[in-house]
Amino acid sequence: MMERHRFHSICPYFAMFPEAFVRRNVLAWSKRDDVVLDPFSGRGTTIFESLVNGRVAIGCDTNPVAACLSKAKADPPKLKSVMVRLAELEKQSIRFKSKAPETKDEFFSYCFHEETLRQLLFLMKRLEWRTSNVDCFIAALALGCLHGESHRTEACFSNRMPRTISTKPAYSVRWWQKNECLPPKRDVFAILNTAAQYRYVSPLPSLKGKVVEGDVRKASSMLRSYKEKVKLVITSPPYLDITDYHEDQWLRLWFLGGPMKPISGQGKDDRHRIVEGYWQFLSEAWQGVAPLLQDSAQVVIRIGGTRLGADELRAGLLASLDSTGYRFKLQEYKQSDIKNGQKRIFSSGPSKAGTEHDFRFQMA
Ligand SMILES: C[S@@+](CC[C@H](N)C(=O)[O-])C[C@H]1O[C@@H](n2cnc3c(N)ncnc32)[C@H](O)[C@@H]1O
């Protein structure tokens, strides 16, 4: 069996799909050098697995965490550049003092040791993750180490917290107080050095991809040089009613320059509670994507949701795809059970919630 590429697990992400799902579809429905698109790229699994298999990969996502992770995988620097930059940053960080409000905040004082927080605040100031691929890669590594089960691993910066989601400040502080958990003293640069070396054991793909931070509805203008070039879409849109990606990832968003507390409803991630609004959004999404598709392009969609069953999803997806003015035909449908790690995201939903649906459509 092929060894898992170590870039895939840089950082977990909500409702992420496994690389095996992507690989199966990439190998079945595209050839080398074909263009593969994920307009809801998340942690960049479609992007990276396509590159690993010799396909050109493009994508977009509105969430800065998703954009950072996907961009890091689409255009990774050489390990040497990462190590040189880390050494330079570490040297500069020694004299850094911060008066940021986080240094006096109860949550941050419990979450990170004073010295760890100082190093993180320095990195937040210095990393130009939106414009430099080296800094973007370092930021992606830092996102993956930012919080986790620090009683089990030395490779994370925070006090005990799940690695998948950031828990809310008041709840976290209460939990840490009750369980007498103090933040571990962690050297951010030592952890990032080790993380970089660990990730780069797997070889880099020879192709680079292109990912933009932006709204799917503008995909055809953001990625205009790929007009009519996309052979295959492999994607997973936000699910109806499932989660607010911004609220649940607030600490990673903070690290990338966001507010120092979760603010619900902040994200532009179109969580819809009303079914009609959801399909309207997906119609607009496919309209943003359609000009990029070549004739006979295939569109593979993994989708779930607590309220929509297979028939509603099939009808809604077909109608929203057809709203582009092109005709799509359903070629394949499969159901899959949500794996344990992702299950609790759906735990508030009714029984349908444990299932995801895989559809493959082809442009007629
Ligand atoms: C189900 S997740 C995708 C997960 C991805 N397949 C993975 O494996 O990581 C849906 C993604 O859609 C993104 N999203 C939501 N609204 C969007 C929009 N209007 N334009 C682009 N991306 C959007 C969310 O930020 C989220 O990353």
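This is a predicted model: local features need pLDDT of at least 70, side-chain atom pairs count only at pLDDT 80 or more; totals for chains, interfaces and linings use all residues.
**Confidence.** I began with pLDDT. The chain averages 92, and 92% of its residues reach 70 or more. Over residues 340–352 the pLDDT is below 50. That stretch still has 16 contacts in the model beyond near neighbours in sequence.

**Overall fold.** I found 15 helices and seven strands in the chain. The C-alpha trace spans about 60 × 45 × 40 Å along its principal axes. I checked the radius of gyration next. A compact globule of 364 residues would have a value near 21 Å, and the chain agrees because it has 21 Å. I looked up burial too: 46% of the 364 residues count as buried. For contacts with a separation of 6 or more, 75% join residues 24 or more positions apart.

I sorted the shell by class.

**Helix α1.** I turned to residues 19–29, which form α1. V22, N25, V26 and W29 are buried there. Down the axis of α1, the buried residues fall within an arc of 100°, so they line one face of the helix. The general rule is that an α-helix has 3.6 residues a turn, so residues three or four places apart point the same way. I checked the face of α1 turned away from the buried side. That face carries the exposed residues A20, L27 and A28. Last, I asked what covers the buried residues of α1. The cover includes β1 (35–38), α2 (45–52), β4 (230–235) and β5 (293–303).

How values were computed:
Residues are numbered from 1 along each chain as its sequence is written. Helices (H or I, at least four residues) and strands (E, at least two) are DSSP runs, numbered from the N terminus. The radius of gyration is taken over C-alpha atoms; the globule rule is 2.2 Å times the number of residues to the power 0.38. A residue is buried if 20 or more other C-beta atoms lie within 10 Å of its own, exposed if 12 or fewer, and partly exposed in between; C-beta atoms are placed from the backbone. Two residues are in contact if their C-beta atoms, placed from the backbone, lie within 7 Å. pLDDT is the predictor's confidence in each residue, from 0 to 100. The arc is that of the directions from the helix axis to the C-beta atoms.
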